[in-house]
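Reader: Hi! Could you walk me through this one?
Author: Happy to, here it comes.

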Amino acid sequence: MDTANTPPDAPPKYQLELNPLKRIPLLKAHAHAHAHPPPKPPTHLPVAKKSHTHPSDTSTSAHPPNTNKKTSASLYFIGTATTVLEWRGIRILTDPNFLHAGDHVHLGPGVTAKRLTNPAVDLDALPPLDCILLSHYHADHFDQLVEASLNRQFPIISTPHAKKELTNKPDAFQAVYDLDFFESMMLPVVLPPGVEGMAGKPVVKVTGMPGKHVPPGILSMANDVAGAVPPTNGWMLELGSVAEGGAAPGEVETGCRIYISGDTLFVDELKEIPKWLKNEKIDLMLVHLGGTTIPGPSLPLLMVTMDAKQGVQLMQLMDPEVTVPIHFDDYDVFLSPLGDFKEEVEKAGWGKRVVYLDRGMSIGLR
Ligand SMILES: [Zn+2]
């Protein structure tokens, strides 16, 4: 058998139980509250300004909806690449960035960026969460406010590079799980009271997906670029269940599959993803756009995330049921506006398969 071109399918590297009844506080302020406890965080996200559901009843999608499994996940867009995924009583936060308009981030030697937007929710107004999924250690995804405020015990899933950075410093983070490309971990879910059960044990399987934040060939040219552009993961999230006993390690009956691109360019490595999927479909794709363009001190301008054209190429490669663009207008280094993406999407005839969320809006998945 020719396995040379097949991405690896190793058993899960870690297991992290998500139990909404035993949550670890997200913030230091809540973890170390003794004499003067801060106000308790709210129990829910704000009501979304507008909510879409997919597949909708009038959906003309190529794939029939998954009717045999109740997934009912929802994804709330906060800003940049920050979202909250809710499913079966648990909440996963992606790429926490809670700075406000006018704040600056340091993206590497000689590179700063100014935030132009506000998050839909503030960091201290988040409801209780179960873990963080961090695509890469970069300040527009994990800013200085977040870094200073987070409880060091709160679980973070990220890249090997981010783990090194987060755990090798004074006041180090204590619960960082590193996943390389195609490495996975299992997040078994303990259903809280009142949440409907399902056949088998609910689980979220997280797998690192390839991503490349630097144009091929550039990395070897200059160390300052390496410093400004850390390695990134994409993610595949499989929401589903494992059979009681019996299942092979990592084997999931998947009800809903969510792909998050991370800060990648459209590169050949991404073609490994459809191969790894073996014809399984992606229900929802979150694509990091923006055509992020940074100046290197000794280099011309360099585009380090997908622009409109590449975003459409990614849709064509991954063929997701629905795509939601994120990471497109929050910083002054995001030079490819969402309008350009809309135009390219319409030109390609993919308009019905894209949902545009403003900050504070959510999408529900059946
Ligand atoms: Zn970014």
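Reader: Which residue stands opposite Val111 in β7?
Author: Gly108 does. Strands are DSSP runs of E with at least two residues, helices runs of H or I with at least four, numbered from the N terminus. This is a predicted model: local features need pLDDT of at least 70, side-chain atom pairs count only at pLDDT 80 or more, and totals for chains, interfaces and linings use all residues. Residues are numbered from 1 along each chain as its sequence is written.

Reader: Thanks! How many bridges join β6 to β7?
Author: Four, linking residues 104-108 to 111-114 in antiparallel fashion; strands count as paired if DSSP finds at least two bridges between them. Two residues lie between the strands of this hairpin, and Gly110 has a positive phi near 75°.

Reader: New topic: what is the strand order in the open sheet of seven?
Author: β1-β11-β12-β13-β14-β15-β18, with mixed pairing. β1 (14-15) and β18 (322-326) each have a single partner strand, so one side of each lacks a neighbour in the sheet.

Reader: And how do β14 and β15 run, parallel or antiparallel?
Author: Parallel, with three bridges between them. Leu284 in β15 is the bridge partner of Ile258.
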